[in-house]
Amino acid sequence: MASSISATGLKGGFGTAFMGSWGTSVVGEDYAMLVKPVPSHVRVAKPVKSPPMMKNVNEGKGLFAPVVVITRQIIGKKRFNQLRGKAIALHSQVITEFCKSIGADAKQRQGLIRLAKKNGERLGFLA
């Protein structure tokens, strides 16, 4: 006993709002609005990187930072940087002479200079 049931033959039915054929709904005028042209290749720009900034992490911090900032404002940035460069060079010479007197090699000398720079940053001399 084979029986067939149609959608319209049931009580209440499976009512749909579909009017027309599959050909007109898929290939008809609505299809052109749904499909957009796809480019064959996509250009991707490289991410923009900001140039590295040589900025002191402890800017404005440290015991001597206010004195350094005020001195830079009074004498000007150019003259201040010249004076700072001379002070750093003189301090490096003192470290070098100390290393010669105790017999430390170049690697230890470089380590002491790096330590002096870190201490100067913490104290605010490089603000």
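Let's start with one side chain: Phe64 is partly exposed, because its relative accessible area is 32%, which falls between the 20% mark for buried and the 50% mark for exposed. Keep in mind that this is a predicted model.

**View 1. The whole chain is built from helices.** The protein chain has five helices and zero strands. Reading from the N terminus, its elements run α-α-α-α-α. How much of the chain is buried? Buried residues account for 9% of the 127 residues. The chain exposes about 11,700 Å², and carbon and sulfur atoms supply 64% of that area. Now take the contacts between residues at least 6 apart in sequence: 61% of them join residues at least 24 apart.

**View 2. Helix α4 covers residues 77-102.** This helix has 26 residues, and from its first C-alpha to its last it reaches 37 Å, close to the expected 38 Å. Which residues of α4 are buried? They are Phe80, Arg84, Ile95, Thr96 and Cys99. Just after α4 comes Gly103, with a positive phi of about 85°.

View 3. Search the whole structure and you find one salt bridge. Its partners are the side chains of Lys100 and Glu97, which meet at 4.0 Å, N to O. Here's the general idea: side chains of opposite charge can pair when their charged atoms come close. Both residues lie in helix α4, three residues apart, or about one turn of the helix. Is Lys100 buried or exposed? Lys100 counts as exposed because its relative accessibility is 60%, and the cut-off for exposed is over 50%. Glu97, at 48%, is partly exposed.

**View 4. Phe64 and Phe125 stack their rings.** The count of aromatic pairs comes to one. Phe64 and Phe125 form this stacked pair, with 4.6 Å from centre to centre and 15° between the planes. The pair links distant parts of the chain, since Phe64 is in the loop between α2 and α3 while Phe125 is in the segment after α5, 61 residues apart. Those two values are what you need here, because a pair of aromatic rings is described by the distance of the centres and the angle of the planes. Phe125 counts as partly exposed because its relative accessibility is 41%.

**View 5. The two Phe residues also belong to a nonpolar surface patch.** Which residues form the patch? Leu63, Phe64, Leu123 and Phe125 do, and together they have about 380 Å² of accessible area. As for Phe64, look for it in the loop between α2 (29-34) and α3.

View 6. How far apart are the C-alpha atoms of Glu121 and Gly62? They are separated by 7.6 Å, although the two residues are 59 residues apart along the chain. Just after α5, Gly124 takes a positive phi of about 100°.

How values were computed: Residues are numbered from 1 along each chain as its sequence is written. This is a predicted model: local features need pLDDT of at least 70, side-chain atom pairs count only at pLDDT 80 or more; totals for chains, interfaces and linings use all residues. Side-chain values use heavy atoms; hydrogens and water are left out. Helices (H or I, at least four residues) and strands (E, at least two) are DSSP runs, numbered from the N terminus. The expected span of a helix is 1.5 Å times one less than its number of residues. Buried means under 20% relative accessible area, exposed over 50%, partly exposed in between (1.4 Å probe, protein chains only). Patches are made of residues with over 30% relative accessible area and no salt bridge: like charges are joined within 9 Å, nonpolar side chains (Val, Leu, Ile, Met, Phe, Trp, Tyr) within 5 Å. Accessible areas come from the Shrake-Rupley method with a 1.4 Å probe; for residues, only the protein chains shown count as cover. Rings of Phe, Tyr and Trp (its six-membered ring) pair if their centres lie within 6.5 Å; planes under 30 degrees apart count as stacked, over 60 as edge-to-face and the rest as tilted. Contact means heavy atoms within 4.5 Å.
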